[in-house]
Amino acid sequence: MQPGASSVPVLDLGGILLISIQGELPDDAAVDLRTDVTLAVSETGARGVIIDISGLDMVDSFLARVLAEVAASARLLAAQAVLVGMRPSVAITLVELGLALPGLETSRTVIEAASRFGVEIRDRGDQPAARGTDRTPT
Amino acid sequence: MTDVPPVGTATSVVARLLREKKEHIAQLWADQPLFQAVFTVTRDEAVEAGRAVLEALAQVAESGRVDDIAAPGFAMIRQQLAAMSTSRTRSGLSIGQIDREVGALGAAPAEFLEDASGDTDERVRARLLWSELLATLRVVVIETALQENREIVERQRQQLLEMATPVVKLWDRLVAVPLIGMLDSARSQVVMENLLEAIVEHNATMAILDITGVPTVDSLVAQHLMKTVAAARLMGADCVISGIRPAIAQTMVQLGLDLGPVTTRATLADALELALERQSEQAKGIAPRH
């Protein structure tokens, strides 16, 4: 299997890989993605893999398993995978199916996931992570 | 008078009597507690209601379906009976007491039937028929009252489902659900959906499920809670359960219920403290720009 066979691009953000899955992901494309990610991690020596599934409105048991496998194989290569942006309906379906994906790290947004790896992505001029606790005027 | 009375004579006797003496009986009924207490504005109103009931009973007698609560005659007064039984229930009467009041309505027509002309056999048959008709009316009233109660319960259940699951934003990126009352499958489903929607809306990194108001926790409730926590975690939000009372904690241990990896705190305040600690930890993870 050649890298880049999958229809989903794997972006290197410098030490972190960003994968954004848009629309439907057929079973074979999911398997290709798993191969791609594993190869990309070993090539780049990335320490983090962010998988954005905010574009998916359905995750079946197969895709859930593949995502868990991506995370597990990334971990073997010393990279931590974080699943980002799951929709409420998807979360409910997975829980009802009994697929709580216990080994998988999750985050609300890509920004948050990146901050876990010490990479700061700012969409505005303020400091997103400092809100809430630092309310006192300086 | 030796001729055999034709079939249905008793029914026509009762129907005729109810119509002939309608005014008289209605006046007597208007003084009975059942009518008097319900139609408090004017006496005429009570009399009018009595007339309606008598007309309906006459129709039922005519149709020959005196033992059938689904007889078309009853349909006309069902709404009125519902209003009457509801009013009596509100003033503190049990269904049994209402039933006795309806039963007391039988006396007046019975006396008229006693005085009616005709031979003894006919009078006895008419009396029996009237008793049967009255018994059916009592069943109709009870049925109507129960139906009314069922509707009230259903309405309140719906209201409870809508009202009792608010998701509140406690802090920046922190939401909480104060759960009140028994948690069944339908409600926990609503709670889960509301919470997950709120996590998206507020971009929450943490959610607190406060179960101070949940009276008991059995295996089913625990399972619902764990599902909600798991779903929130999948969305990228940490979920903390707070407000487990000592008695409930003991019951859960005795039942062998394990919440597994779920973080728990004794009170909502403790959970809030934990959430703020975690947020400041996360904030330290990123160096400030200046």
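This is a predicted model: local features need pLDDT of at least 70, side-chain atom pairs count only at pLDDT 80 or more; totals for chains, interfaces and linings use all residues.
Residues are numbered from 1 along each chain as its sequence is written, chains are lettered from A in the order in which they are written, and side-chain values use heavy atoms, with hydrogens and water left out.

Q: Why is H2(B) called oblique to H4(B)?
A: Helix H2 (residues 22–30) of chain B packs against helix H4 (residues 43–63) of chain B at an angle of about 125°, with their axes 8 Å apart. Angles under 35 degrees count as roughly parallel, over 145 as roughly antiparallel, 65 to 115 as roughly perpendicular and the rest as oblique, so H2(B) is oblique to H4(B).

Q: What makes up the contact of H2(B) with H4(B), by class?
A: Contact means heavy atoms within 4.5 Å, and the residues that make the contact include Trp29(B) of H2(B) and Leu54(B) of H4(B). By class, this contact of H2(B) with H4(B) has nine nonpolar, two polar and five charged residues.

Q: Why is H9(B) described as roughly parallel to H10(B)?
A: Helix H9 (residues 185–202) of chain B and helix H10 (residues 219–234) of chain B have their axes 10 Å apart and pack at an angle of about 20°. That angle makes H9(B) roughly parallel to H10(B).

Q: Which residues of H9(B) and H10(B) meet?
A: Among them are Met192(B) and Leu195(B) in H9(B), and His224(B) and Ala231(B) in H10(B).

How values were computed
Axes are lines fitted to C-alpha atoms, for helices over the stretch in contact, and angles run from 0 to 180 degrees between N-to-C directions. Helices (H or I, at least four residues) and strands (E, at least two) are DSSP runs, numbered from the N terminus. Ala, Val, Leu, Ile, Met, Phe, Trp, Tyr, Cys and Pro count as nonpolar, Asp, Glu, Lys and Arg as charged, and the others, Gly among them, as polar.
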